[in-house]
Amino acid sequence: MIETVCSGITGSPGAAAARVVWFAMMRPQRGSIRRYFISTSQGGRPCAGGKLFMMRIVAFCRQCDDAHSLGLNTYVLLSQRFCNQVFSHLASIMGNTTPLRRHAGHAVVFAALFSLGGIVAAPVLTAASVAPEYPIPYVVPEASEVEASVARIHGYVVAHSSFRVIDKNTGLEIKAPDFEKFAPDAVIDPSLGAFNRWDYPIGVILTSFDHLATVTGKDAYREHGRRFFEYTFTWMPWFRAMQEKTGKRNDYTRMVRMAALDHCGAITASLIRAHMRQPDPRFRAWINVVDDYISHKQFRFEDGTLARQRPQARSLWTDDMYMGVSFLVQMGRLTGDAKYWHDAVRQVVQLSARLFDRNQELYDHGWSENMAGYDPRFYWGRANGWAVLAMAELLSGVPEDFPGRAKVLDLFQRTCRRLVELQDGGGLWHNLLDRGETYLETSASAMFTFALARGVNEGWLSPLYAPTAITGWNGVAARILEDGRVSGICEGTTYAHDSTYYFYRGAGSDTTFIGTVVYAGAEIIQLLNNPRVQITRPKPNAVNSAMQVRAMAAD
């Protein structure tokens with residue numbers, strides 16, 4: 001198959017025109033070979049700029065019914081910046097599970113550049129205006145369509161969660177915990193995936209299912225969480241007793257010997273929600289254990305700010321704003337003790353004092369005390385996502401007149417304003433928010449979509465933020481695969497000190513970082529059903545028609 005996706009790329013003044021040929025050999029379901037041909041004629045005018053060039057390739061691939069099955073690695077002899085902008089985005093969007101820097105044999109791309117004079121692309125100017133060719137449909141979705149999308153994710157998680165314990169050597173199931181007979185080779189069944197682990201991404205998933213159930217009124221979305229916690233508190237005591245007897249680490253070691261907020265904060269926040277709906281003494285006992293750890297044992301600075309002792313001896317991570325605040329807000333709801341809310345406000349304000357750049361209105365991923373006030377700043381997408389999620393959780397959970405809440409609201413509004421300005425034309429955000437040459441990343445984009453929609457729904461933001469939330473959802477939804485996985489999600493990322501590390505984080509679809517997408521979808525459903533916001537849909541195939549919103553008068 002040959003597709004002319006762009007009619008021309010011209011050289012810079014005085015340079016000969018360039019001719020670029022791609023040959024992409026792929027293994028889609030139908031086994032066909034797709035070729036993409038790009039040519040220029042010397043002195044000709046190009047039909048598209050570099051960015052539209054990428055968008056048209058994506059649009060063409062999306063027309064193929066098997067496009068999401070394609071893995072794409074690209075090796076092209078072009079300028080490094082152009083490669084990063086075009087090919088990293090494309091590979092991420094197509095659901096590639098292998099970073100671009102690794103050649104996995106899924107695709108072979110060869111580029112021949114006959115003249116190196118610099119590539120300058122410009123849009124064609126025509127006499128008549130035409131309807132824009134949006135790479136992602138510029139539409140207002142129906143709430144039912146949004147629910148159908150996130151329901152696929154829910155279904156995937158349920159189908160890939162094994163609530164069994166097995167002997168890792170024999171593969172045989174251990175039917176029930178026997179405190180008279182331990183099995184040192186017992187493991188949580190890993191055959192279907194990691195959705196049965198006690199970890200913060202699972203906490204986000206379970207909380208997002210709870211939110212989806214609230215928004216839709218369908219309690220069935222909570223059933224998976226109930227099964228997960230029942231499974232956990234059936235088996236965890238046995239694994240804990242076995243470790244105490246044998247000294248051997250096991251799949252519950254990070255839970256029972258927690259040593260970081262990642263091990264307890266977000267997932268226990270979800271546990272509190274479950275306990276408040278259906279009280280269980282086992283749950284409450286563990287909540288108290290986590291409370292003791294976070295309130296008294298977790299490393300903090302002298303002013304009480306939650307901190308880490310890595311990568312430097314005294315470091316702060318923006319991620320911890322959510323890992324800590326999500327628990328503290330729910331603990332305040334559970335106990336009625338405002339001290340937890342005071343601590344939550346303190347975390348947002350004091351972490352922001354060091355991590356929030358008031359000029360950029362974005363959060364640095366991390367801060368280390370030994371940088372002597374000159375800490376290099378890297379505005380990693382998901383770190384900023386954790387920040388806005390934490391602030392939204394806090395703003396939703398405490399009374400409007402609660403001390404310090406106004407400071408949190410101001411930080412939330414400033415960050416959201418900047419995020420709107422940084423959104424890409426396809427609705428998503430870049431992995432490093434201020435570096436357009438990094439790929440468009442899904443999990444952070446979902447977090448921002450959620451935060452903007454929640455802000456509009458709760459009245460923290462003007463209704464004029466709704467179009468950005470909706471186009472954000474459209475971009476995120478385009479990355480939900482048919483089987484319920486989500487493509488383009490950045491892999492786990494530590495706090496680092498150089499651009500190269502952040503630029504080359506892998507992105508794929510075999511991940512547990514998908515709860516944020518459900519969060520976003522649920523809040524978009526709420527926005528679409530919000531009687532206080534009227535959304536006017538853009539006219540199909542119109543040359544000049546935008547989404548419009550206005551606030552409706554209160555009854």
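Colleague: What sits over the ring of phenylalanine 301?
Modeller: In this predicted model, the charged end of arginine 314 sits over that ring, 4.4 Å from the centre of phenylalanine 301.

Colleague: And which residue has its charged end over the ring of phenylalanine 513?
Modeller: That is arginine 382, whose charged end lies 4.1 Å from the centre of the phenylalanine 513 ring.

Colleague: Switching to ring pairs, how many aromatic pairs does a search of the whole structure find?
Modeller: The search finds 27 aromatic pairs. One of them joins phenylalanine 182 and tryptophan 238, with 6.1 Å from centre to centre and 40 degrees between the planes, and this pair is tilted.

Colleague: Where in the chain are phenylalanine 182 and tryptophan 238?
Modeller: Phenylalanine 182 is in the loop between β5 (165-167) and β6 (186-188), whereas tryptophan 238 belongs to helix α5 (residues 223-246), so the pair links distant parts of the chain, 56 residues apart.

Colleague: Is tryptophan 238 buried or exposed?
Modeller: Tryptophan 238 counts as buried, because its relative accessibility is 1% and the cut-off for buried is under 20%.

Colleague: Why is the pair of phenylalanine 239 and tyrosine 252 called tilted?
Modeller: The planes of these two rings are at 50 degrees, with the centres 5.2 Å apart, so the pair is tilted. Phenylalanine 239 lies in helix α5 and tyrosine 252 in the loop between α5 and α6 (253-256), so their pair ties together parts that are 13 residues apart in sequence. Phenylalanine 239 is buried at 0% relative accessibility, and tyrosine 252 is buried with a relative accessible area of 2%.

Colleague: Which residues do ring pairs link into a cluster?
Modeller: The cluster is made up of Phe182, Trp235, Trp238, Phe239 and Tyr252, linked by ring pairs.

Terms used. Residues numbered from 1 in each chain as written. Predicted model: local features only at pLDDT ≥ 70, side-chain atom pairs only at ≥ 80, totals over all residues. Heavy atoms only, no water. Phe/Tyr/Trp six-rings, centres within 6.5 Å; stacked < 30°, edge-to-face > 60°. Helix = DSSP H or I, 4+ residues; strand = E, 2+ residues; numbered from the N terminus. Buried < 20%, exposed > 50% of the residue type's maximum accessible area, 1.4 Å probe, protein only. Lys NZ or Arg CZ within 6 Å of the ring centre and 35° of its normal.
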